[in-house]
Amino acid sequence: MAGASEQTRPSPDALLKAAQREGRGKFKIFFGAAPGVGKTYEMLVEARRRKAEGIDVVVGVVETHGRAETESQLAGLEVISRRKVEYKGRMLEEMDLDAILARRPQLVLVDELAHSNAPGSHHPKRYLDVQDLLAAGIDVYSTMNVQHVESLNDIVARITRIRVRETVPDSVVDSADDVELVDLTPADLIARLGEGKVYVREQAQRALKHYFSPGNLTALRELALRRTAERVDEQMLSYMREHAITGPWGAGERVLVCVDPGPDSANTVRAAKRTAQNLDAELIALYVETERHTLLSETEQARLAEALRLAEQLGAEVVHVPGRSVVEEILAFARSRNVTRVVVGKSRRSRWFELRHGSVVDQLVRSGSGLAVEVAPSGDKAEAAERVDWTFGAPLSPRPYLEGVLTTALATAFGALIDAHIKLPNISLLYVVPVMVAAARHGLVPSLWVSTLSILCFNFFFLPPLYQFTITDPANVVALFFFMFVAILASALGTRTRAQAEAARREARTNAELYAFSRKIAGVIDLDDLLWIVVTHLARLMNAEVAMLMPDRAAAETGKLVLRAAFPPDSEFTDADLAAARWSWEQERPTGRGTDTLPGGRWLFMPIRTSRSSIAVIGVLSREETEMSSSARRLLEAVGNQTAVAIERVALAADIDQARLREERERLRSAMLTSVSHDLRTPLASILGALSSLKTYRERYDAATREDLLDTAMSEAERLDRFVGNLLDMTRLDAGVIVPKREVVDVGDLVSTTLRRAGPLLKDHSVASIVAPDLPALSLDFVLAEQALFNILDNAAKYSAPGGRIEVEARRVDGRVEIVVRDEGPGIDPAALGRLFDKFYRADDGDRRRAGTGLGLAIAKGFVEVQGGTIAARNRNDRSGAEFVVSYPA
């Protein structure tokens, strides 16, 4: 039953893709095999039909190329004026993206999707403009030919012998909601060329001889049909998954493409993309960083970065792993990710090199791993030819070689000294030391130089005949041969050890930097401190200026970014830099230097986000002329991810504090409303009742009754006055405007005055006061101190039964004067001791609710502490009841 329910349930991935398309515009591509098949014409016909249906249609850019049939279809369609751009003294016209976004039509026509925009435009490619239009909810019709599909670029080049430079990533084509193939037979297309309907006569004749040959057109047509069929098949599968239509779903395949810095790396990635697309498989691009990585030339590093960037554009997951053996790391990664097929490039190494170092393809095939190994075809030899680096990465400075001469001379002198006193048969081993030193310090070529010097010195100084480069004894020939073998082997081993140590040091340094960074930001709770740590740390790591931009809280609805931290602090941004940063924030994609969007910018902007939302934008202005390396980009991404989590943690902590404050305000507001609505209205009701009775029935009451009613009104008015006074006192305490007016106060006088004032409250209780003799005078504000003691006595009267005893004791304890108030009430619940002095807190006493606002003890605590005293509450030890202790410095 579980299996049946799984089959009838829609695919979560398909539903997620459908949800991601919500709110975006619909994208349709008119796809053709070659220029002249009628893509633009068909697009305009469809646009006119949609306009007749009432759809708001505008023309963003349409290239008619002087064809009358196409121009006739533009009649009646609104055309957005193009933007003029000056480039190298010429005025170029480009689609005005801003004008279209401001116009906001329902449908816009954008011809030639693969077009490269003029420098200074929003994006270097027109398909990036289309993505902005789709993100704004505008439908787009566009056109393109099969030779512009990135993954088919090398195949088209081999068919036509013409390399097309303007390409569109496969992910853009795959994102189209609909692809319509505009087909024309080769014979009909050649006929159109002959009639001058595609190019003018002279151009048409040249095209017929080269690009538009019948064989080329047939092959291109087959490619277009296949690519469209793949797209139709993908749409059918998506529909089945979204609607839970059961089908023969097989286990998913994974294709691994091995990227290297060779000249065919881009073709290998494209071949792997086609394989993954045909198999409907996930594509992973893997680069194994061995000791040779440190010896790569700038050309090889640029080629490697371009291949990895291409793999990312084609939708592959890009992975870097360090290792000693390429084959071992490929097999280990393939097993860990359940890879079923490996695509590698055809080796251009010589047969001699493969005999010495082994072939990656042969080792993969012989590994018995069960992997399907596919070898991608190499590109044209003329295109792939490159300059051979005969220096083998050797240092150009003479210092390593002079150092080798010196160490060899020292070894020779030391050997001669030993040979003069002790005859050693294996004195040649002394020369292994300078060889290993050169290999460990400077690499392979300097160590081979030292090996050559060592062989010559050993032959000249230690093999007979001495001081000649000749050998008479055959045994010495064999010894010299083995010595040469050992020296070269030691050079190679020392060089490999050095490279592995350098790679390990780089990894350790990167891990140490990330660990140190995580420790720095772990305990930071202030956002400004966190951002300052981030920019200073990144500036030191990247040798660049670093800035952090975040949304302006004051204008959150506008999405404006503001500079929150920068190192150095005087970093400046132009309007173009800020516009690039905002685009990176809105589109959640890297922008600026070294990217596909605004590559001519000074800064590289990279958005950072967590699973919840986007957090900030990191800006990096490198002090170096070259583009950021792939390892530096990975380091920036790792630091950015940690920074995003840390910023979110700080924001969540602030949100929690705000929630606590809101909860506390809500609690106080509720308590305040309860107090005002009940405790303040109760005495008002008594006063109004007594006074209205006197006014209405005055003549019916005798003198005693009238006096009793007046006493009731008076006592309730006094109680109301105390309540209002407490509220005002609490307001003054919260505002911090109470300044004690200190004077000399006698403790006995303070106690007696307060007891007299509280007499009406204590009339139903037995009151005793004990004031120790010879108490020192206190420096207090008499009014505040009396009110604090009065509130404590009022609380004791409320929670003591009628007839209960209330004691007031004044005593001296360790240089302080304590005033203790004891009652014989029920005492204080231990759970309530921590909240006893909170505002509006009143202890529960069964069904009885004591009259009052719950502010008396809070005010007493505030008045005591503002004068430098302390107040505490506890339960009595000798019997039931509470004990309040007020302590002032003597």
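This is a predicted model: local features need pLDDT of at least 70, side-chain atom pairs count only at pLDDT 80 or more; totals for chains, interfaces and linings use all residues.

Author: Residues are numbered from 1 along each chain as its sequence is written, and side-chain values use heavy atoms, with hydrogens and water left out.

Reader: How many salt bridges does a search of the whole structure find?

Author: A salt bridge is a side-chain nitrogen of Lys or Arg within 4 Å of a carboxyl oxygen of Asp or Glu. With that rule applied to the whole structure, the number of salt bridges found is 33.

Reader: Glu46 forms a salt bridge with Arg49. Is Glu46 buried or exposed?

Author: The closest N and O atoms of Glu46 and Arg49 are 2.4 Å apart. Both residues belong to helix H3 (residues 39–52), where a spacing of three residues separates them by about one helical turn; helices (H or I, at least four residues) and strands (E, at least two) are DSSP runs, numbered from the N terminus. Buried means under 20% relative accessible area, exposed over 50%, and partly exposed in between (1.4 Å probe, protein chains only). Arg49, at 41%, is partly exposed, whereas Glu46, at 15%, is buried.

Reader: Which residue meets Asp183 in a salt bridge?

Author: The N to O distance in this bridge is 2.8 Å, and the partner of Asp183 is Arg221. The pair links distant parts of the chain, 38 residues apart: Asp183 is in the loop between strand S8 (178–181) and helix H9 (186–194), and Arg221 is in helix H11 (residues 214–242).

Reader: Arg226 and Glu222 meet in a salt bridge. In which helix do they lie?

Author: Their side chains come to 3.1 Å, N to O. Arg226 is exposed at 52%, and Glu222 is partly exposed at 41%. They are four residues apart, about one turn of the helix, and that helix is H11.

Reader: Which residues form a nonpolar patch on the surface?

Author: Patches are made of residues with over 30% relative accessible area and no salt bridge, like charges being joined within 9 Å and nonpolar side chains (Val, Leu, Ile, Met, Phe, Trp, Tyr) within 5 Å. Accessible areas come from the Shrake-Rupley method with a 1.4 Å probe, and for residues only the protein chains shown count as cover. With about 300 Å² of accessible area together, the patch consists of Phe461, Leu466 and Tyr467.
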